[in-house]
Amino acid sequence: MMQENNVNNHPIDRQKQERNAFSISVITAGLLTLSLIAALVFSRSSSLDIISLAGLIASILGALISAWLSRRNKSELGIGLLISILILVAASRVFITKGQAVSTGITNIIIVSGIAFYTLSRRWAGVAIMVSSLVTAATIIIDQYTVGVPTSSSPQTANIIAAILGVVYLVVIATQFRDFPLRIKLIFGFLLLTTLPLIILGWQSYTTTRNILSDQIKEKILESSLATSDVFQEFTNSQHKISGEIARTPEVIEYLSLPPAERTGSQAEAVATETLNALKDKSPTNIRSYALVSQNGINLLDTNPANVGVNFSTQPFFSYVVANNKPYASGLTLTNDRNDQVIYFASPITSKSNEMLGMVVVTYNAKILQAVMDAMLRARPTVAIDEYTYLIDETNFFILAHSTSLTLDYKTYLNTDDPRLMSLQAQGLLSPEDLQSISIPQPEIVERLSNIDNISAFQAPSAENDNETAETSAIRISNSNWIVVTGQPISTISNITLDQTRNAVLISVIITFLAAFSAVVISNIFTNPLLQLTRVAENISAGDFTQKAVVNTRDEIGTLANTVNKMSSQIRDLVSGLEQRVEQRTRELEQRTTDLEKITKQSEKRASELQTIAEISGYISAEKDLEKLLTLITQTVSERFGFYHVGIFLLNENRNFAVLRAANSPGGQVMLRRQHKLEVGQVGIVGNVTATGIPRIALDTGADAAFFNNPDLPETHSEMALPLNARGAIIGALDVQSTVPNAFTQTDVSILGLLADQIAIAIDNVRLLEETRNALAESQSVFRDYLAGAWQSKSASEIFGYYQTLTGGQLVTGNKAAEVDVKTQDGENTLAIPIQLRDQVIGTVHIRPSKEDRTWSKDEINIVNAVAERLGLALDNARLFEETSSRASRERLVTDITTKIRGTNDPQEMIKTAVQELQRVLGASRVEIVPRKNAPPPDK
């Protein structure tokens with residue numbers, strides 16, 4: 001029956017459909033094979049989903065059979081078989097694994113739609129898509145309400161495979177979407193606009209619900225954890241109070257206050273022992289003993305005599321109490337008796353002067369913590385069924401008490417190879433068999449609890465629920481080694497969310513099918529009139545302008561039909577007058593072309609001028625001499641722009657005259673020789689520009705004609721002056737003159753204004769460079785004079801230098817200068833190297849060879865030069881250090897004398913002290929201070 005369909009109504013012809021059937025069958029088989037390989041490679045489950053794999057294998061075989069049938073001209077049969085297998089596989093998923101219906105169903109619709117559209121006629125393609133949609137809807141609804149079906153072992157892998165397959169076919173459909181009939185496009189668009197918001201809202205609702213439930217569960221977990229921590233904190237505080245009262249007992253303090261040698265056999269020891277025994281007789285069953293421990297951690301007195309002499313100094317609780325002087329509760333301490341594990345409560349014992357004497361240690365059976373936990377649970381019957389709470393120590397991570405799994409008590413979350421467990425095994429507290437039985441490794445929880453501050457919330461596997469991830473809250477108990485941990489499996493959130501999303505999924509599926517049905521009906525209503533209009537338009541495009549569209553409605557489609565009819569009649573009129581309009585448009589185009597060429601030439605001119613300005617700026621920026629720079633500017637500007645005269649005026653120091661400093665024309669040279677200048681603000685446009693800072697153009701007509709009466713420049717007919725501004729001040733003007741009337745416009749002012757700014761900057765930079773050079777030369781001259789004077793004064797001292805021979809060396813002093821001068825007289829082989837310091841010669845190195853025929857090599861000369869250079873620096877550093885030391889010594893002497901003078905308020909003593917100190921320091925034989933009597937003023 002498929003072959004009886006009218007294939008002309010389908011956008012793809014029959015022959016092309018058969019070719020597509022083979023290609024798509026092969027591609028589908030390849031994609032399904034890749035999916036099968038991915039499922040085998042990426043599956044994390046130890047046992048593969050055999051039924052799912054069988055479905056993939058069946059689909060691959062169906063695709064291969066479809067390709068084989070397509071080669072034998074039975075493409076519709078092969079495609080029908082392939083689509084049927086794909087639909088059955090998608091339907092079977094709901095009975096195999098739970099939670100995969102949505103991803104599998106949507107992917108199936110996309111694949112079936114792509115295959116059917118390119119390989120089947122319109123009728124059978126619609127049937128295939130409809131059947132696939134119905135099956136998908138049924139599987140989604142069944143998946144929401146079925147129970148007992150296992151969840152997929154690798155849902156992420158299945159979703160990724162489905163997404164990849166769906167995306168591949170969506171890309172194929174999207175690339176050919178323009179070839180789809182309007183009816184199909186409307187259906188797709190309507191479904192997209194309907195389903196996309198439903199999907200977004202559904203996902204948002206699911207996410208919001210899950211987040212709210214997650215926050216509520218986290219809050220309840222935190223509340224439970226806080227309530228449990230309060231119970232254990234109260235218990236800890238009460239035990240610390242008891243041990244603290246013992247620590248404050250006068251008998252205990254008196255005993256520990258005795259020197260260690262006097263304690264044994266003393267009356268205080270007997271009284272303290274009696275006190276501890278009295279407490280032991282009144283204590284609960286879980287208390288094993290009371291002990292007094294010295295500062296060194298030695299058990300001095302104990303109600304259990306077997307414990308006397310035990311060393312607690314290595315116990316964490318002992319270190320904490322000593323370091324913080326606070327009470328502390330220890331973690332689980334293992335003993336040889338597995339039914340009698342203990343914990344310790346320790347409180348410091350201090351003297352009246354707050355000096356630590358030792359501590360009270362109360363030993364408890366660790367079962368007391370489970371009793372506290374059980375009592376708390378009996379008082380709180382409203383705890384969630386799947387919630388659990390346990391108490392764990394922070395050192396060895398032993399579970400001290402558990403709310404639901406008592407079998408976990410005294411088990412540790414550490415790995416068997418953890419150094420802490422290895423240490424316990426080395427102490428003989430754990431055997432290899434015990435180590436294997438008590439270790440239930442939970443590395444994530446250990447890592448989280450090791451970094452806890454006071455309160456921490458996190459997700460981690462839970463040993464209580466076969467390592468299922470749980471929301472967890474942990475709280476540290478102060479003054480103890482305990483942490484309260486409360487958790488609840490995250491599957492609780494998923495179960496509650498699933499119940500709330502079932503109805504939403506059902507409603508979404510119903511709305512989607514209603515939308516699909518509506519899309520089909522509405523698309524038929526819109527497409528039938530459009531198809532009729534399409535046929536009319538095709539006839540008109542073929543040249544039949546007599547065609548008329550039938551108008552049956554008054555909506556936009558009817559308006560479109562009327563428009564098509566009017567268009568047909570207008571086309572007839574337009575064709576008749578087409579040549580006239582073409583000729584008119586041609587003339588307009590030619591005029592626009594002419595205008596465009598004119599604008600283009602102007603633009604090219606401006607671009608050339610800007611490029612010329614950039615090149616000129618490069619030239620002038622390299623010149624550092626002001627006079628050469630000004631001459632270069634005038635010549636370059638005149639050559640590049642073709643100006644008759646270019647002159648540069650600079651203001652004098654008083655800024656009242658603009659003086660011509662450079663010009664390129666012969667007349668300008670004459671003006672330079674007579675030192676031509678213009679008064680600022682008074683003469684010519686140059687004077688006006690240097691006064692106002694505003695560019696000005698003078699033409700040979702009107703009021704500016706008088707400006708051209710210059711006998712040195714008789715051919716000038718246009719002039720333009722531009723101010724030279726540097727750092728916000730006018731320093732001169734650029735004067736440009738042309739032999740062409742009306743040669744300058746405001747555009748030229750803008751263009752050449754850029755050049756004037758560059759010239760001003762270059763002139764200012766050269767001026768600044770000259771000022772900098774002058775200042776540098778002056779500072780160098782002053783420094784050379786200072787250096788020469790300093791070394792001249794050094795040379796006037798007794799020691800001149802140093803003289804070294806093969807037999808020894810000696811200082812060169814004044815009485816030996818003549819002798820050394822003879823020895824170092826320059827000969828043919830004597831090497832003399834000046835000792836320079838910043839271009840100032842401060843000495844000479846004379847080197848005379850041991851052999852007369854010795855010739856100095858270049859390397860040797862370079863070595864001596866390098867030594868002389870470093871010697872100069874070293875000598876100058878030594879001189880500076882000597883001057884600084886001398887100046888510091890003088891300042892120190894003055895300070896000492898001043899301090900001694902100020903040590904008394906008696907003027908006579910001050911004078912006496914000053915005289916004595918000056919005589920001592922200067923080594924003078926006589927020092928006098930003569931008072932001077934001043935004459936009174938004339939008016940007195």
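This note goes through a predicted model of one protein, point by point.

1. Overall make-up. The protein has 940 residues, and buried residues make up 38% of them. Its secondary structure comes to 25 helices and 20 strands. Of the contacts with a separation of 6 or more, 58% are between residues 24 or more positions apart. The protein exposes about 53800 Å², and carbon and sulfur atoms supply 56% of that area.

2. The nonpolar patch. I57, L61, L64, I65, W68 and L81 make a nonpolar surface patch of about 550 Å². Helix 2, residues 50-71, gives the most to this patch, with five residues. L64 is a residue of helix 2. L64 counts as partly exposed because its relative accessibility is 48%, which falls between the 20% limit for buried and the 50% limit for exposed.

3. Helix 3. This helix covers residues 75-92, 18 residues in total. From its first C-alpha to its last it reaches 26 Å, close to the 26 Å expected at 1.5 Å a residue. The buried residues of helix 3 are S75, E76, G78, I79, L82, I83, I85, L86, I87 and A90.

4. Helix 19. Here there are 16 residues, 626-641, and the helix reaches 22 Å from its first C-alpha to its last. That is close to the 22 Å expected at 1.5 Å a residue. Its buried residues are L626, L629, L630, I633, T634, T636, V637, S638 and F641. G642 follows helix 19, and the phi of G642 is positive, near 70 degrees.

5. Salt bridges. How many salt bridges does a search of the whole structure find? The search finds two. In general, side chains of opposite charge can pair when their charged atoms come close. R476 is partly exposed, since its relative accessible area is 24%.

6. The second pair. R420 and D418 meet through their side chains in a salt bridge, at 3.0 Å from N to O. Are the two partners buried or exposed, or does either fall in between? R420 is partly exposed, because its relative accessible area is 32%. D418 counts as buried, because its relative accessibility is 15%, under the 20% limit.

7. D417. This residue lies in the loop between strand 7 (399-402) and helix 13 (419-426). D417 is exposed because its relative accessible area is 60%. The C-alpha atoms of D417 and S439 are separated by 9.9 Å, with the two residues 22 residues apart along the chain.

8. S480. The loop between strand 9 (468-476) and strand 10 (482-489) holds S480. With a relative accessible area of 6%, S480 is buried. Its side chain reaches the backbone nitrogen of W482 at 3.4 Å. Which residues is S480 in contact with, leaving aside its neighbours within four places in sequence? They are T236, Y328 and A329.

9. L831. Strand 19, residues 831-837, includes L831. L831 counts as buried because its relative accessibility is 9%. Not counting residues up to four places away in sequence, L831 touches V845, H846, I847, W856, I861 and V864. The C-alpha atoms of L831 and T855, which are 24 residues apart along the chain, are separated by 9.7 Å.

10. Most residues other than glycine have a negative phi. R655 is not a glycine, yet has a positive phi of about 60 degrees. R655 lies in the loop between strand 11 (645-651) and strand 12 (657-663), and is partly exposed, with a relative accessible area of 44%. Q675, a residue other than glycine, has a positive phi near 55 degrees. Q675 lies in the loop between helix 20 (666-673) and strand 13 (677-679). Q675 is exposed because its relative accessible area is 61%, over the 50% limit.

Technical notes:
Residues numbered from 1 in each chain as written. Predicted model: local features only at pLDDT ≥ 70, side-chain atom pairs only at ≥ 80, totals over all residues. Heavy atoms only, no water. Patch = residues over 30% accessible without salt bridge, like charges linked within 9 Å, V, L, I, M, F, W, Y side chains within 5 Å. Areas by Shrake-Rupley, 256 points an atom, 1.4 Å probe, with all protein chains shown as cover. Salt bridge = Lys/Arg side-chain N within 4 Å of Asp/Glu carboxyl O. Helix = DSSP H or I, 4+ residues; strand = E, 2+ residues; numbered from the N terminus. Buried < 20%, exposed > 50% of the residue type's maximum accessible area, 1.4 Å probe, protein only. Expected span 1.5 Å × (residues − 1). Polar contact = N/O pair within 3.5 Å; in protein donor to acceptor, adjacent residues only side chain to side chain. Contact = heavy atoms within 4.5 Å.
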